[in-house]
Amino acid sequence: MIFDFALIVDSIPKMLAGFWMTFELWFLSAVLGMALAIILLLMRISGRWYLYAPAMAYIYIFRGTPILVQIFIIYHGFPQLEFIRESIFWPILREPFGCAILALTLNTGAYVSEILRGGVLGVDRGLKEAGAALGLSSTHRFIYITSPIAIRLALPAYSNDIISLMKSTALASTITLLDMMGIARTIVAETYAPYEIFLSLTVIYLILTWIIQKSIGLIEKRMSRHVRSEA
Amino acid sequence: MIDSELTNIIQLENVDKFFGDFQALKNVNLSVKKGERIVVCGPSGSGKSTLIRCINRLEEHNSGRIVINGHELTSDVANIDAVRSEVGMVFQNFNLFPHLTIIKNLMLAPRLVRKASKSEAHDTAMKYLNRVKIPEQADKYPSQLSGGQQQRVAIARALCMNPEVMLFDEPTSALDPEMISEVLDVMTDLARDGMTMIVVTHEMGFARSVADNIVFMDEGEIVESNPPEEFFGNPKNERTKLFLSQILSH
Amino acid sequence: MEALNGWWDDFFWGSVVVADVFVVSLILTVLFGLTGAAAKLSKNRVAQSIANGYTIIFRGTPEILVLLLFYFGSAIALTAIAQISNPEIKYVDIPPFWAGSIAIALIVGSYATETFRGAFLGVEPGQIEAARALGLSNFKTFIYVRIPAMWRLALPPFGNHMLSLIKDTALISIIGLEETLFVAEQAIATTGKPFTMFIVVGAIYLGFSTIITLSVVVLEKYANQHLKIAR
């Protein structure tokens, strides 16, 4: 079978037109998700049952169900509920974009909070004790000692998650959004040429994820420059 | 009671400490006067680390009283923080903050706890870095220093809080042999200047020359407590004699 | 809730399909992961490059895209990818079950490659030396010393891979696999209750996730029982 290169050349700009939507979906969800993750983390490590129990339940549910299902519940399912239709959030929840952002945020928030928690747990106990011995309050210890070290420890896992998030944005195409994936599927439906279109889209995503990975790698290198790696 | 509390900067009365079923401290009584230098020694698991960790509340004692400089140690957080800013601790593994430079390591607590200004904290830090004889390392990171240097920085860091008492938890046990003396020298200087100190260590040479009193612990109890000549020359208890024969034989 | 009457059967059979896909893709994932790890750890430059290409591509491409590519998978799509991954297999017409299972196994397998590789590297060289010194052949050392030690290290992250597998199954509904999400969509068409139906799907997947997580906990206890410290 012969590759229709003309089609590829024609389609790539069309798919790239969806890049802004892809980027918006990714960036907004990443930022909002991080905020949510920090809240969940603080709840999780607070030691108070009425805070950590709900946080744990939330994380359990959102990491235990497929993100596609979460997207469908919000986009297709919420309109079934009267109190949603009558709430102030309805204008956002009526639109596929709002639903996608909400679903992606809620999902990534759960994963990132666990990643942050992994970083926090990885901080050497002795360092926290040294802080305590110097008279630092637990809040000060958390801000000035635990957090900087935890962030550095969490970076590799966070890099994986942020790339996963980029890949998940493609699911927005299932609820009519015209991100790069959405446009690709439209073109395929019209031209019956799945291989050319999807393969070129694959290359585009590979480039994107590569850029993200290298960038976080650089940040990690910068943060670790003063840490001697354990032999 | 009130009298001794005034003259004793540290007072432990009938202190017990359990880890689950295991009793780490059994009815420990200890008084430390201002300016006294105490060395605590004993076999592993004897409770010596637990003892000093109870003094700055890194461990919580289960019964008995611990009074530091007039503050009784309870679960009152304000009290605990007050005690900790007057009691400095040096750890076996240094525990320098890896993400901060040396000078920042020293400045962190004075700025946050004593609300010192940046320049005050900086001056204090450099003063103590000079005291431990490594002022040129100020802008380096801990990972760039040798073990002996790191431990000296740790001592300086504790001193920046101007503590009344310094606790040392096996300060030289994690060091290569050639670096032990540089740390012991700093500690000896400190003692000569009148710092009240409690040192958990195996370094008997240091104990002999610096300590006012040597406390021997075994299985959670204080077995013997005497000035160096008595302790080394005329040990009373069988367990003390056994311990001394084991560690002094080479 | 009465809307669900008559649909329980269908949801049940949908769940069976999910379980079937899970088992098949799990076996394939282990296969792909071990092969990939072996290739990366070998001294063979070609094998290493192929394995590297494999991990880069399947970790950097959205799952839904991989799935759609596979479904429209003819010899061309597979040959193109096979040039960068390991085996050369030719398919003509793939039912959604197999297209889906293989696709998600390839995806999770690329993560498993890294996990297994890391776990193999984590085996203490001293143990291998001891085995060789005792006279065990390369192969016997591999089976009786390397693999057991490796599994212990790989188990926690591999648990996460298994969770990814079960959740990715939901995506296969997009290419027509008649699992639970597919059933839900039919149910919605007749009952008009999207929220209810999608929640049921979510609950089913949550159930599966829970079973997997509990199994991993049990397996970890079993794998580490010899490490219990004697009091």
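Modeller: A polar contact is a pair of N or O atoms within 3.5 Å; within protein, one must be able to donate a hydrogen and the other to accept it, and residues adjacent in sequence count only if both atoms are side-chain atoms. This is a predicted model, in which local features need pLDDT of at least 70 and side-chain atom pairs count only at pLDDT 80 or more, while totals for chains, interfaces and linings use all residues. Residues are numbered from 1 along each chain as its sequence is written, chains are lettered from A and ligands numbered from 1 in the order in which they are written, and side-chain values use heavy atoms, with hydrogens and water left out.

Colleague: How many residue pairs are in polar contact between chain C and chain A?

Modeller: Taking contact as heavy atoms within 4.5 Å, chain C brings 36 residues to this interface and chain A brings 37. Counting residue pairs in polar contact, with both residues at pLDDT 80 or more, the number between chain C and chain A is nine.

Colleague: Which element gives the most to the side of chain C that touches chain A?

Modeller: Helices (H or I, at least four residues) and strands (E, at least two) are DSSP runs, numbered from the N terminus. On the side of chain C that touches chain A, two or more residues come from each of helix H2 (45-60), helix H3 (63-71), helix H4 (75-82), helix H8 (180-191) and helix H9 (194-223) of chain C. The most, 11 residues, is given by H9(C).

Colleague: What area do chain C and chain A bury between them?

Modeller: Buried area is the accessible area (1.4 Å probe) that two parts lose on being put together, summed over both. For chain C and chain A, carbon and sulfur atoms account for 75% of a buried area of about 3,200 Å².

Colleague: Which side chains meet in a salt bridge between chain C and chain A?

Modeller: The rule (a side-chain nitrogen of Lys or Arg within 4 Å of a carboxyl oxygen of Asp or Glu) finds one salt bridge across this interface. With an N to O distance of 3.8 Å, the side chains that meet are those of C:Glu63 and A:Lys167.

Colleague: Turning to chain B and chain A, which residue of chain B forms a salt bridge with A:Glu129?

Modeller: The interface joins 26 residues of chain B to 22 residues of chain A, and about 2,100 Å² is buried there, of which carbon and sulfur atoms give 65%. Across it the rule finds one salt bridge. The closest N and O atoms are 2.7 Å apart, and the partner of A:Glu129 is B:Arg53.

Colleague: From which element comes the largest share of the side of chain B that touches chain A?

Modeller: Between chain B and chain A, three residue pairs are in polar contact, both residues being at pLDDT 80 or more. Helix H3 (77-86), strand E6 (87-90), helix H4 (102-113) and H6 of chain B each supply at least two residues of the side that touches chain A. The largest share, four residues, comes from H4(B).

Colleague: How many residues of H4(B) are buried?

Modeller: Buried means under 20% relative accessible area, exposed over 50%, and partly exposed in between (1.4 Å probe, protein chains only). The buried residues of H4(B) include B:Ile102, B:Leu106 and B:Pro110, and what covers them includes helix H9 (138-168) of chain A together with H5 and H6 of chain B. Of the 12 residues in H4(B), the number buried is nine.

Colleague: Is B:Lys133 buried or exposed?

Modeller: B:Lys133 lies in the loop between helix H5 (118-131) and helix H6 (147-159) of chain B, and its phi is near 70°, a positive value in a residue other than glycine. With a relative accessible area of 54%, B:Lys133 is exposed.
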